[in-house]
Amino acid sequence: MSGLPDAPNPVNLARHRDVGVGSLDSIELREVRLDVVALRRQGFAVPEGDKHQVAEDLRRVKRPILRNLDLRVESANQIGNIVVVTSANAGEGKSFLCVNLATSIASERDRSVLLVDGDLMKPHISRAFGIENEPGLTGFLADESVQIEDVIFRADAPGLFVLPAGPVSGFTTELLSSKRMREAFVEFSRNNPNCVVVFDSSPIRHSSSTVVLTSLASQVVVVVLAERTEQADLSTALEALDETKAIGIVLNQTQSSTEEQLYGWPDPDLGNPSSEST
Ligand SMILES: Nc1ncnc2c1ncn2[C@@H]1O[C@H](COP(=O)(O)OP(=O)(O)O)[C@@H](O)[C@H]1O
Ligand SMILES: [Mg+2]
């Protein structure tokens, strides 16, 4: 290839065909309605406007995530634009945060979002969007003839794409840790560099598949439910994570949210979020 720096890279092209991941802008995808009323009914309140408290809080969560995306690049143990949202236990607000974070990031001018329902045991995001019976992530991973554009939906909100969980499999951890999974998301990220991939996940204390998912991510957001999550459970969850990742903590459902309460980066190398402007 020397002497031909601008020539198309045939290796990339072949891999592109293998997993079928092009730029989302140029691919025809099935569409799914972003039914705000249905999402609200199911508890996934979507911020109504700039003055909404949740919208304001989400900006504080979102800014350090976006800043870290710009700093982090692909390496052997992370894919630069993957963010996994998890928590120690069920019901702490993972799916709620994912939906709202995804819509908030998608509203950024130069970003799009692929919201992936990675909670394969309780695929509430897939259900909320009415796409729980689609092949989704597990369908893609289990069947080599399926391409990723067959399973991704374009939501009718600019820049928002959704990948449902797919059928429950007895081999969840194996599927998520497969070469196909890594290759698909490496390729996806290369072809969609401005697309933030937000993964919902199962509670980290109850699912080995979540640890596998976080191994792909450059950032992990751990949701802590105010006055409910036990310190010991949070410690167990944090211990399961690779400390080379950027790990953010969101304190959910506080009575009065301040920036310090809501978000923190334990990794001192990543700076202090309280100095972040919104
Ligand atoms: N900040 C919040 N404000 C209002 N409701 C919330 C908030 N966080 C979570 N919920 C609600 O709490 C319940 C559990 O949240 P969910 O995101 O489904 O938890 P998880 O995905 O961690 O199991 C849902 O009904 C959700 O709508
Ligand atoms: Mg959930």
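How much of the protein do buried residues make up? Buried residues make up 43% of its 278 residues, where buried means that 20 or more other C-beta atoms, placed from the backbone, lie within 10 Å of a residue's own, exposed means 12 or fewer, and partly exposed is in between. This is a predicted model, in which local features need pLDDT of at least 70 and side-chain atom pairs count only at pLDDT 80 or more, while totals for chains, interfaces and linings use all residues. Residues are numbered from 1 along each chain as its sequence is written, and chains are lettered from A and ligands numbered from 1 in the order in which they are written.

**View 1. The overall fold, with 12 helices and nine strands.** Helices (H or I, at least four residues) and strands (E, at least two) are DSSP runs, numbered from the N terminus. Take the contacts with a separation of 6 or more: 77% of them are between residues 24 or more positions apart. Two residues are in contact if their C-beta atoms, placed from the backbone, lie within 7 Å.

**View 2. The shell around ligand 1, with 14 residues.** Here, a residue is near if its C-beta atom, placed from the backbone, lies within 6 Å of the ligand. G43, G93, K94, S95 and F96 come nearest. Helix 4 (residues 94–106) gives the largest share, three residues. The shell has four nonpolar, eight polar and two charged residues; Ala, Val, Leu, Ile, Met, Phe, Trp, Tyr, Cys and Pro count as nonpolar, Asp, Glu, Lys and Arg as charged, and the others, Gly among them, as polar.

**View 3. Helix 4 again, now packed against helix 3 (residues 53–71).** The angle is about 80 degrees and the axes are 10 Å apart, so the two helices are roughly perpendicular, a label for angles of 65 to 115 degrees. Axes are lines fitted to C-alpha atoms over the stretch in contact, and angles run from 0 to 180 degrees between N-to-C directions. V54, L58, V61 and K62 of helix 3 meet N100, L101, S104 and I105 of helix 4.

**View 4. The largest nonpolar core, with 68 residues.** Such a core is a set of buried Ala, Val, Leu, Ile, Met, Phe, Trp, Tyr and Cys residues joined through C-beta atoms within 7 Å. Among the residues touching the most other members are V83, A102 and V197. Helix 4 gives the most to this core, with eight residues.

Definitions and conventions:
Parallel < 35°, antiparallel > 145°, perpendicular 65-115°, else oblique.
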